[in-house]
There are 2 protein chains.
Amino acid sequence: MKDRVVVLTGGVGGAKLVKGLQQVVPGPQLAAIVNTGDDFEHLGLPVSPDIDTLLYTLADLANTQLGWGREGETWSFMEAIRSLDGEDWFSLGDGDLALHVLRRVAKEAGRPLSAITQDFARQWGLELSILPMSDDPVATWLETDAGSLPFQRYFVQQRCEPRISAIRFEGAASAVPAPGVVEAIATADIILLAPSNPWLSVDPLLAVPGLRNALETRQAPLVAVSPLVGGKAVKGPTAKLMNELGLAVTNQSIADHYGSLVDGMVIHEGDASPPGPPVLVTNTLMTSDEDRRRVALVAIDLARQLRH
Amino acid sequence: MKDRVVVLTGGVGGAKLVKGLQQVVPGPQLAAIVNTGDDFEHLGLPVSPDIDTLLYTLADLANTQLGWGREGETWSFMEAIRSLDGEDWFSLGDGDLALHVLRRVAKEAGRPLSAITQDFARQWGLELSILPMSDDPVATWLETDAGSLPFQRYFVQQRCEPRISAIRFEGAASAVPAPGVVEAIATADIILLAPSNPWLSVDPLLAVPGLRNALETRQAPLVAVSPLVGGKAVKGPTAKLMNELGLAVTNQSIADHYGSLVDGMVIHEGDASPPGPPVLVTNTLMTSDEDRRRVALVAIDLARQLRH
């Protein structure tokens, strides 16, 4: 495959598609642009949940049971934190800490998140480009019936229980795409939106003006893989959030949300097609490497069809 | 026991004596003033080896096999650090990290080391006062045949192998004793020097002018417990260092080094007494709680004799 493929992605679901792409697109031709709206500082350490999930998934280090963190993780740090009455609402695994501690050391030395992320990827033998959407801080905030909450407080501490009425991306309007992001989009042959939560994981990317503009002026076809499977989200609060926003939990709602940005959609077999964009249907539940490879190939196939 | 006891201490050997004192002196009447010359920053985290060893020892969390760190420690962090090509010459255990991460958070919030240390001690149910010698940074540096080395580079990275020609305590001359240090010495009924390395662990304390002055103007008798056992140090580079400084490895060299500061000494049975100060003899090898209690009681006993 000679096509240059760019995928915009958030957390676990998106990482699965990128893992599928990793099997079929050579590293130098694959770039993942990653949501950083969930990033936050915890216990003085900079945590980048979506970047870390992608790194762990691609390096075969991910904890597939938990859906976050590292496989075979130990928890001595958290036990000691609790014994010292430290903040324990967000769990940092012992091995996982290494990323955050080294990220902080590198940040203090003046390295931007994009360079740090690429360093980590190279250390773990990953050949694709993993690009944070921006080196500038962007923070996803939720207006809820439990007050205004930063993303991790909503997602982890309150287990997505509050009802969301509005979402904002603090810092996005003045954030500049990270080095390589605009170039990757401009020179891509195929652009994909991973099956991540459109409102919480993809919208932060689209809220960065330079990134949105690059997408709007792109040459390549853009295919979204729907995060819905049988009218539900595989994981996370997508369906609950759509309900709270007064939307039907359908691919049409997803297509309407992305609007003219999307040229085509991959949806789960048996689910209703949206009336707008061209669609390919496959089993989008990605539980095995074979599944991930298949969904990646179907998305690429649709993009190729749209190009001709 | 109503006597107020102050003990000046360094690392492992000193911590054992303090653990003995903890058994016989009520917490509110016991203060340990701890060397911070070994403190340094590693991977962006502030590490206080002697304070931490004392905290772990007194809270029954110490790794008695290794002689440092926590019992039952896990090492996932270090493995991940190595996989990311991070600095790995100094090992931070997973549980141990909690102290350093929380210490950094508290320092960033403006809390001094003395307050942070006392917080940790209280969280672990310790009732004595654990006082860093100073809240100001003091760094032990060694002039060696391998160049000028900060303490941990000499001690851990180079395993005490370089020959030492001189020792200096950077920052000591302008360091102020931590809150409570001068008061504890001034109001003590008994002052002890723990069996820590006189040159590397006790001298940094004596190099803080306000602390030295408090000792020189004290009311209470001061008893040193010799770190030598059968003409050797139980652990660490004391004997090697004494050789390099051209000193006989004897209690007399220790007594000469402390000079008029010391009113009496506790030495190991069978070792030659120094000709100067009054001496009590006991088995100073502290392997059991019973040993630690006995050595503590002998030191207190000698101090009481000297007072009358």
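Biologist: Starting with A:Arg4, what relative accessibility does that residue have?

Modeller: A:Arg4 comes out at 39%, so A:Arg4 counts as partly exposed. On that scale buried is under 20% relative accessible area, exposed is over 50%, and partly exposed is in between (1.4 Å probe, protein chains only).

Biologist: And what kind of model is this?

Modeller: It's a predicted model, where local features need pLDDT of at least 70 and side-chain atom pairs count only at pLDDT 80 or more, while totals for chains, interfaces and linings use all residues. Residues are numbered from 1 along each chain as its sequence is written, chains are lettered from A and ligands numbered from 1 in the order in which they are written, and side-chain values use heavy atoms, leaving out hydrogens and water.

Biologist: Which side chain does A:Arg4 meet in a salt bridge?

Modeller: That's A:Asp189, at 3.4 Å from N to O. A salt bridge here is a side-chain nitrogen of Lys or Arg within 4 Å of a carboxyl oxygen of Asp or Glu. The two sit 185 residues apart: A:Arg4 is in the segment before strand E1 (5–9) of chain A, and A:Asp189 is in the loop between helix H7 (181–187) and strand E9 (190–193) of chain A. Helices (H or I, at least four residues) and strands (E, at least two) are DSSP runs numbered from the N terminus.

Biologist: Is A:Asp189 buried or exposed?

Modeller: Buried, with a relative accessible area of 19%.

Biologist: How many salt bridges are there over all chains?

Modeller: The search finds 34. One network links A:Asp3, A:Arg304 and A:Arg307.

Biologist: What about chain B, say B:Arg103?

Modeller: B:Arg103 bridges to B:Asp52 at 2.4 Å, N to O. B:Arg103 is in helix H4 (residues 96–108) of chain B and B:Asp52 in helix H2 (residues 49–58) of chain B, 51 residues apart. Both B:Arg103 and B:Asp52 are buried.

Biologist: OK, switching to the interface. How many residues does each of chain A and chain B bring to the contact?

Modeller: Chain A brings 26 and chain B brings 25, with contact meaning heavy atoms within 4.5 Å. About 2,100 Å² is buried between chain A and chain B, 70% of it from carbon and sulfur atoms. Buried area is the accessible area (1.4 Å probe) that two parts lose on being put together, summed over both.

Biologist: How many salt bridges are there between chain A and chain B?

Modeller: The count there is 0.

Biologist: Which helices of chain A supply at least two residues each to the side that touches chain B?

Modeller: Helix H3 (76–83), helix H4 (96–108) and helix H5 (113–123) of chain A each do. H4(A) gives the largest share, 7 residues.

Biologist: Last topic, aromatics. How many aromatic pairs are there over all chains?

Modeller: There are 12. Rings of Phe, Tyr and Trp (its six-membered ring) pair if their centres lie within 6.5 Å; planes under 30 degrees apart are stacked, over 60 edge-to-face, and the rest tilted.

Biologist: Why is the pair of A:Phe40 and A:Phe90 called edge-to-face?

Modeller: Their planes are at 75°, with ring centres 4.8 Å apart, so the pair is edge-to-face. A:Phe40 is in strand E3 (residues 40–42) of chain A and A:Phe90 in the loop between H3 and H4 of chain A, so the pair ties together parts 50 residues apart in sequence. A:Phe40 is buried at 19% relative accessibility, and A:Phe90 is buried at 10%. A:Phe40, A:Trp89 and A:Phe90 form one aromatic cluster.
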